[in-house]
Number of protein chains: 2
Amino acid sequence: MEYNVAMNGGDGPNSYTQNSKIQEESFDVTKSLLIGCIRDHLDIQKSCKVVRIADLGCSVGPNTFSCVNTIIQEVKLKFATQFPGFTSPEFQVFFNDTFCNDFNTLFNALPLDRLYMAAGVPGSFYGQLFPKGSMNFMHSSFSCHWISQVPKEVLRKDSRAWNKGRISYVRSSCEVKQAFAAQFMSDFEAFIGARSAELAPGGLIFISIPCKSNLSELSILESTDILGDAFIDMVKEGLVEEELLDSFNLPLYIPTPSEVIKLVSRDEHLNILKVEESFLEVKMSSAEDIMFESSHLRAVMEGIINKHFGPDILMDDLFHRYCNKLKEFSTQFKNYYKVGIVSVAVERVILQDELV
Amino acid sequence: MEYNVAMNGGDGPNSYTQNSKIQEESFDVTKSLLIGCIRDHLDIQKSCKVVRIADLGCSVGPNTFSCVNTIIQEVKLKFATQFPGFTSPEFQVFFNDTFCNDFNTLFNALPLDRLYMAAGVPGSFYGQLFPKGSMNFMHSSFSCHWISQVPKEVLRKDSRAWNKGRISYVRSSCEVKQAFAAQFMSDFEAFIGARSAELAPGGLIFISIPCKSNLSELSILESTDILGDAFIDMVKEGLVEEELLDSFNLPLYIPTPSEVIKLVSRDEHLNILKVEESFLEVKMSSAEDIMFESSHLRAVMEGIINKHFGPDILMDDLFHRYCNKLKEFSTQFKNYYKVGIVSVAVERVILQDELV
């Protein structure tokens with residue numbers, strides 16, 4: 001069963017479009033690495049007619065356009081520098097996200113002055129999305145930590161990995177953590193396998209994933225987990241059914257950089273060009289910061305919460321409680337929390353047996 | 001300014017999805033010609049890895065999927081017959097319509113057992129939508145009679161072509177008819193030019209357009225024009241502002257087969273393989289038939305009417321009046337009306353200077 005939840009659509013006050021500043025900042029900290037990779041490694045031929053680019057897990061909102069714009073500008077610059085006087089290739093950009101992403105809003109927000117032809121591709125990136133060998137550059141930012149499903153065992157009462165009362169694995173047992181890790185491993189392997197097949201020889205993929213490392217003080221999940229505490233309070237007050245909460249877990253896993261590298265390295269068609277860890281500080285010092293963080297989380301989580309708890313869930317109440325919890329925890333966060341990001345730039349190599 | 005109106009979205013009782021039976025029947029009458037063209041003319045190589053297909057003006061609903069399915073089955077059969085034992089190419093299908101088409105509903109209705117990778121392409125097909133030379137088969141059914149805009153002169157009081165009180169050119173002056181014809185000529189030339197550039201050498205395009213010929217007794221616009229009479233009654237009763245009706249015209253033109261052929265023939269990269277005229281009988285003999293026709297027209301027209309007249313237009317009232325008018329006219333229609341369709345199958349040829 002394909003995991004089919006998306007960021008909040010539309011462009012209203014709770015939309016992802018209006019509340020994806022953190023993801024924008026994440027792209028900013030990884031941008032120079034991405035640019036460097038295109039400059040140094042993208043294999044572009046004089047005879048190249050079309051450059052096909054994908055943003056995987058594009059969601060809705062301005063980030064996907066600014067990212068694609070950066071990529072195209074760099075490719076154009078590289079082509080013009082390498083082959084002065086030759087006609088620039090055409091660009092075709094594929095915006096991918098799950099089936100319930102708001103593609104209508106995405107399409108209507110396409111920049112009028114764009115330098116590319118646009119297409120939307122609905123579907124899970126844990127399977128094949130494009131013809132084999134057809135893509136020149138693929139990008140995925142802050143997407144692969146959304147696993148394809150919550151591991152079944154964490155939702156089963158009779159399992160040692162039952163994650164009762166929690167919505168993520170952060171403060172859970174070893175068994176729960178292992179179940180989530182195994183799901184990530186299997187999903188990310190499928191992701192890498194699909195991309196490896198879709199990339200044209202010499203093509204590149206650039207992946208950024210929030211990560212947990214020794215250098216990051218707290219993972220992004222720690223703040224998310226506080227939402228679980230708000231849920232527990234609502235259960236205690238009889239506003240949310242206990243069973244409904246027990247059967248809810250967020251399909252999120254924050255890997256370590258080494259987990260990511262290990263899985264990419266396993267694919268014989270891929271060659272890691274560069275790995276970088278970077279950090280993003282999310283401020284938590286004022287009421288405004290806390291409101292900002294809460295709006296951001298709501299834009300991301302509202303769809304998945306609604307799908308599980310139904311339309312009657314008291315969404316305003318939930319996020320109001322979340323804000324209050326965040327205030328309590330802001331001392332622990334030392335007025336900010338640090339999100340680790342691991343970025344990996346990978347090229348598609350041609351094996352001897354493919355040359356036949 | 002791009003014309004940006006689409007068929008009714010969603011899948012409710014007034015949706016295009018639920019009310020596109022006439023378009024389905026139109027595809028059925030042209031289907032054998034399309035199949036024959038793929039069999040006899042599609043240039044497919046043993047080494048072909050990807051077949052790229054587009055449905056231009058796909059709208060929402062089952063017709064686009066059944067049409068694409070027919071095309072793919074035929075291409076697969078042709079490949080298997082010509083090159084037994086070779087691996088079938090992959091199929092990538094591009095569903096195109098205007099920006100306000102309901103792509104969300106389209107994507108969620110994609111058949112689960114489809115044999116292709118799907119992408120949605122928003123934008124006017126009167127401009128380039130795909131990279132040059134990249135498409136193997138393009139299809140457009142019942143779309144090109146939607147012109148890119150209402151000719152400006154038919155909306156100008158000081159023009160000899162002012163189309164006061166009418167919503168189409170059917171019963172209007174010569175000047176009005178000429179203005180619409182000129183707009184179609186210019187649009188269809190742009191359509192053909194864009195496709196000619198996008199088609200891969202040996203690729204095919206198959207176009208079906210409702211047409212007006214000596215053989216068809218009435219054009220599709222005659223029934224549509226009755227909607228104009230319903231509007232006039234509403235103006236008389238003060239329910240619709242006269243000025244608002246005067247500034248409204250449907251961006252529709254029903255060409256003759258020879259107009260279509262002339263414009264396709266002009267493009268030196270294209271070669272007409274086959275032209276066929278066919279006819280579709282739309283029954284008008286019972287109250288049920290009339291309700292069916294009215295629902296069909298509402299699914300098609302509601303968006304464009306809403307856009308012009310605003311959300312307060314009495315849509316139920318309008319289509320109730322339309323039904324009554326249709327009843328009056330059903331004798332004139334001899335219990336049915338006949339829609340002419342012209343289908344043209346075209347191949348992309350390679351000119352000498354392109355071989356360099």
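In the predicted model described here, Arg171(A) is partly exposed, with a relative accessible area of 46%, where buried means under 20% relative accessible area, exposed over 50%, and partly exposed in between (1.4 Å probe, protein chains only). The side chain of Arg171(A) meets that of Asp225(A) in a salt bridge with an N to O distance of 2.6 Å, a salt bridge being a side-chain nitrogen of Lys or Arg within 4 Å of a carboxyl oxygen of Asp or Glu. Arg171(A) belongs to the loop between strand S4 (135-141) and helix H4 (174-198) of chain A, and Asp225(A) to helix H5 (residues 220-236) of chain A, so the pair ties together parts that are 54 residues apart in sequence. Helices (H or I, at least four residues) and strands (E, at least two) are DSSP runs, numbered from the N terminus. Salt bridges that share partners join Arg166(A), Arg171(A), Asp225(A) and Asp229(A) into one network.

Residues are numbered from 1 along each chain as its sequence is written, and chains are lettered from A and ligands numbered from 1 in the order in which they are written. Because the model is predicted, local features need pLDDT of at least 70 and side-chain atom pairs count only at pLDDT 80 or more, while totals for chains, interfaces and linings use all residues; side-chain values use heavy atoms, with hydrogens and water left out.

Over all chains, 34 salt bridges are found. One of them joins Arg39(A) and Glu74(A), whose closest N and O atoms are 3.0 Å apart; Arg39(A) lies in helix H1 (residues 21-41) and Glu74(A) in helix H2 (residues 62-82) of chain A, so this pair ties together parts that are 35 residues apart in sequence. Here Arg39(A) is partly exposed at 47%, whereas Glu74(A) is buried at 9%.

Between chain B and chain A, however, the count is 0 salt bridges. The interface does hold 12 residue pairs in polar contact, both residues being at pLDDT 80 or more; a polar contact is a pair of N or O atoms within 3.5 Å, where within protein one must be able to donate a hydrogen and the other to accept it, and residues adjacent in sequence count only if both atoms are side-chain atoms. The contact (heavy atoms within 4.5 Å) takes 26 residues from chain B and 26 residues from chain A. The area buried between the chains, that is, the accessible area (1.4 Å probe) that two parts lose on being put together, summed over both, is about 2100 Å², of which carbon and sulfur atoms give 54%. Phe99(B), Phe107(B) and Pro131(B) supply 25% of the area that chain B buries against chain A, more than any other three residues.

Pro131(B) also takes part in a contact within its own chain, as its backbone oxygen is reached by the side chain of Ser134(B) at 2.7 Å. Ser134(B) is placed in the loop between strand S3 (117-122) and strand S4 (135-141) of chain B and, at 10% relative accessibility, counts as buried. Beyond its neighbours within four places in sequence, Ser134(B) is in contact with residues including Arg52(A) and Arg52(B).
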